[in-house]
Amino acid sequence: MKLKSILQNRFCISVSVLLIGFIGFGQKKIKPKAEFVSELMAKMTVDEKIYQLVQFSSDGTITGPKQGENYITRIEQGKVGSVLNAYGAENTRKIQEINMKNSRLKIPLLFGFDVIHGYKTIFPINLAMASSFDPSAVELAAKVAAAEASSAGVHWTFAPMVDIARDARWGRISEGSGEDTYLGIQMAKANVRGFQGSDFSKANTVLACAKHFAAYGAAESGRDYNTVDMSERVLRETYLPPFKAATEAGVKTFMASFNEISGVPSTANKHLLRNILKGEWNFDGMVVSDYTGVNEMIAHGFAKNDQDAAQLAINAGLDMDMVGATFMTTLKKSYDEGKVSIETINDACKRVLDVKYDLGLFEDPYRYSDAKREKETIYKPEFLEASLEVAKKSIVLLKNDRNVLPLKKEQKIAFVGPLCEDDYHIIGSWAALGDRQGYAVSVKEGVQKLLGNSAKVTFDKGVEIEGNKRDGLQQALDNAKNADVIVAVMGELENMSGEAASRTNLDLPGIQKEFLMELKKLGKPIVLVLMNGRPLTLSWEDQNIDAILETWWTGTRGGDAIAQTLFGQNNPSAKLPVSFPRNVGQLPLYYNAKNTGRPYLGPKDPEQRFKSRYLDVDNSALYPFGYGLSYTTFAYSDLKLSSNKIGFGQKLAISVTVSNTGNYDGVETVQLYVKDEVGSVTRPVRELKGFQKVALKKGEKKTVSFELTSDDLRFYGLDMKFSAEAGDFSVFVGGSSTADLNAKFELAE
Ligand code: GLC
């Protein structure tokens with residue numbers, strides 16, 4: 001017996017030694033990055049270096065104007081460094097095999113794709129996730145997206161979109177984290193952490209991409225791709241910080257934006273790309289253009305032709321040409337003509353090879369293209385649960401008169417509206433490979449799952465989202481007439497926000513508002529459930545509808561999240577990351593505006609005429625930044641500062657008591673705002689400097705603390721130095737940007 005066990009042990013040991021040896025041998029050990037990349041580049045021709053800077057789209061999801069010659073042909077010619085819109089373990093493996101067969105030096109392709117709020121398991125749109133004011137929720141969503149995408153051959157996502165947006169006419173406000181820089185910074189870092197993780201050698205993470213650099217959201221009139229013109233101060237104080245935060249979080253790539261800034265397109269903006277990003281911020285990653293952004297500089301009137309555009313771009317610090325074919329067809333000529341140096345080409349090529357090395361592609365070009373892992377990873381139950389949990393945190397309660405919400409299961413409820421049965425639009429735009437019809441959970445499915453078939457509920461669309469078809473109206477009204485409460489599920493089409501989706505009329509589209517007016521005549525309590533990708537103008541609804549839930553686009557489990565919120569299993573806790581205007585004429589509209597020399601104090605202002613105001617609408621937002629209700633109520637008291645004076649570098653402790661004064665357990669987002677009373681340049685009326693979510697059982701109270709130092713008070717003064725200035729400050733603490741509980745302190749030299 002003993003001999004046998006000894007032999008068995010010896011056999012196991014020798015097998016495991018062999019196995020370790022084989023695995024070790026199997027995974028070709030390569031030299032450290034700097035050495036490996038420089039040795040590789042030493043073997044590369046100028047053409048081969050240029051081809052690393054070339055990206056083409058596969059035949060997958062096209063996200064811009066269709067381009068000419070087939071990308072496979074170009075790969076066979078060894079002229080491609082990266083492919084976007086290719087996904088799927090088998091598909092990417094096949095494309096990589098073509099490349100590796102034709103690449104003289106066996107340099108792998110880099111696969112990029114827009115995985116913005118999920119790959120297959122779709123999370124709420126980013127504007128919705130920003131409403132959660134919960135960076136950990138955003139990080140979780142990015143982590144799940146990376147796990148699914150990387151299992152399907154995707155190496156690189158073109159996310160997070162970190163553009164600050166203050167104009168709801170701009171459709172891409174849906175893709176970012178709203179109007180506030182501080183919130184934008186937190187969400188940018190959370191996204192990068194989620195997508196990239198802390199160790200690239202792990203195959204369940206992807207390269208992130210901070211986009212669109214920069215100030216794309218400041219397009220004049222909210223019209224996509226339009227001109228941006230702003231001071232260096234506004235650029236640096238409002239629009240750049242989330243990008244800087246992304247670099248500090250280790251983001252490996254950037255995407256240049258389509259727009260110009262004060263006359264210079266970002267794609268060839270040396271000040272932006274070389275001076276700030278690669279200079280001041282010391283960014284060692286790679287910058288890709290947006291889709292044909294290089295070519296478009298001809299239309300901008302900034303370049304004469306493709307060759308001019310390409311040499312301007314690469315000399316300004318752009319490293320990769322997305323789809324435009326300008327680097328592929330003209331850079332060698334520019335090099336031969338001395339317009340582009342070998343140092344510039346080497347720098348760009350090195351940056352591309354570095355990220356390929358980081359991903360482990362030189363060791364194994366197919367490590368992300370593993371069909372078995374893809375099958376095991378996509379739609380994991382825990383991913384779908386995560387999507388539901390994040391969606392529940394992203395729903396904003398805007399109004400709840402007479403506590404119409406939460407609904408009761410025994411009520412007779414008429415669900416109406418074009419989106420009450422929708423399982424297509426609910427996952428929003430930029431939804432990668434998210435399954436829509438038949439997979440995403442609609443409100444109808446969510447309600448039926450929750451209530452079972454015993455429920456007395458009806459579902460009637462009544463009208464469409466756009467157009468004025470009325471053939472379903474009467475049936476909907478008849479069912480509504482017999483109900484105890486009406487739930488109208490209305491909003492936009494998913495493609496009414498997102499890219500190339502600017503709108504000038506932000507009322508509910510089509511005849512939805514007219515339908516609401518008909519429902520109103522029935523004299524029943526009405527709940528409006530909104531599904532939309534941007535703030536809408538809701539003045540009539542605010543005056544006439546009892547309860548309003550802003551759900552944005554809630555993703556694959558959206559219907560479950562909305563149903564659980566409507567019936568109270570989920571107490572809404574989200575806050576608005578963007579201001580809702582009273583009408584579109586107020587835009588751009590944002591809470592952290594300047595006071596002006598003639599600030600209008602509203603109806604109580606003794607001077608009603610010669611003030612900075614409109615004759616037809618109040619200056620304030622209908623629903624302000626940071627606003628959101630709960631099924632319970634919260635009260636703030638005992639705001640205390642550790643001192644009424646601090647020196648530079650000294651800490652100021654701030655504490656406040658928050659009480660749950662209602663009948664439901666709930667979560668409040670406690671917000672800290674600061675006003676710099678006087679500066680060497682004018683300062684905003686207040687700025688968000690901190691937020692904390694606090695869970696409170698009914699009747700419970702807690703003390704919430706914040707800390708400030710002079711570093712938190714810095715801005716670009718008259719001398720354009722980023723520093724704090726001595727003087728008087730006010731702090732405001734509360735549940736929205738209109739919080740009035742305040743205290744004062746002095747920052748003294
Ligand atoms: C699009 C978008 C950008 C996206 C890129 C690739 O035009 O502007 O956000 O990442 O093309 O699809």
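Lys645 stands opposite Glu746 in strand S26. The model is predicted, with local features requiring pLDDT of at least 70 and side-chain atom pairs pLDDT 80 or more, while totals for chains, interfaces and linings use all residues. Residues are numbered from 1 along each chain as its sequence is written, and side-chain values use heavy atoms, with hydrogens and water left out.

S26 covers residues 741–748 and runs parallel to S18, joined to it by three bridges. Strands here are DSSP runs of E with at least two residues, and helices are runs of H or I with at least four, numbered from the N terminus; two strands pair if DSSP finds at least two bridges between them. The open sheet has five strands in the order S18-S26-S25-S20-S21, with mixed pairing. Its edge strands are S18 (645–647) and S21, each pairing on one side only.

Gln671 has Phe691 in S21 as its bridge partner. Seven of the ten residues of S21 (residues 687–696) are buried, so this strand is largely enclosed by the rest of the structure. Buried means under 20% relative accessible area, exposed over 50%, and partly exposed in between, with a 1.4 Å probe and protein chains only.

Elsewhere, Gln52 lies in the loop between helix H3 (46–51) and strand S1 (54–57). Gln52 counts as buried, at 5% relative accessibility. Its side chain makes a polar contact (N or O atoms within 3.5 Å, within protein one able to donate a hydrogen and the other to accept it; residues adjacent in sequence count only if both atoms are side-chain atoms) with the side chain of Lys356, at 2.5 Å.
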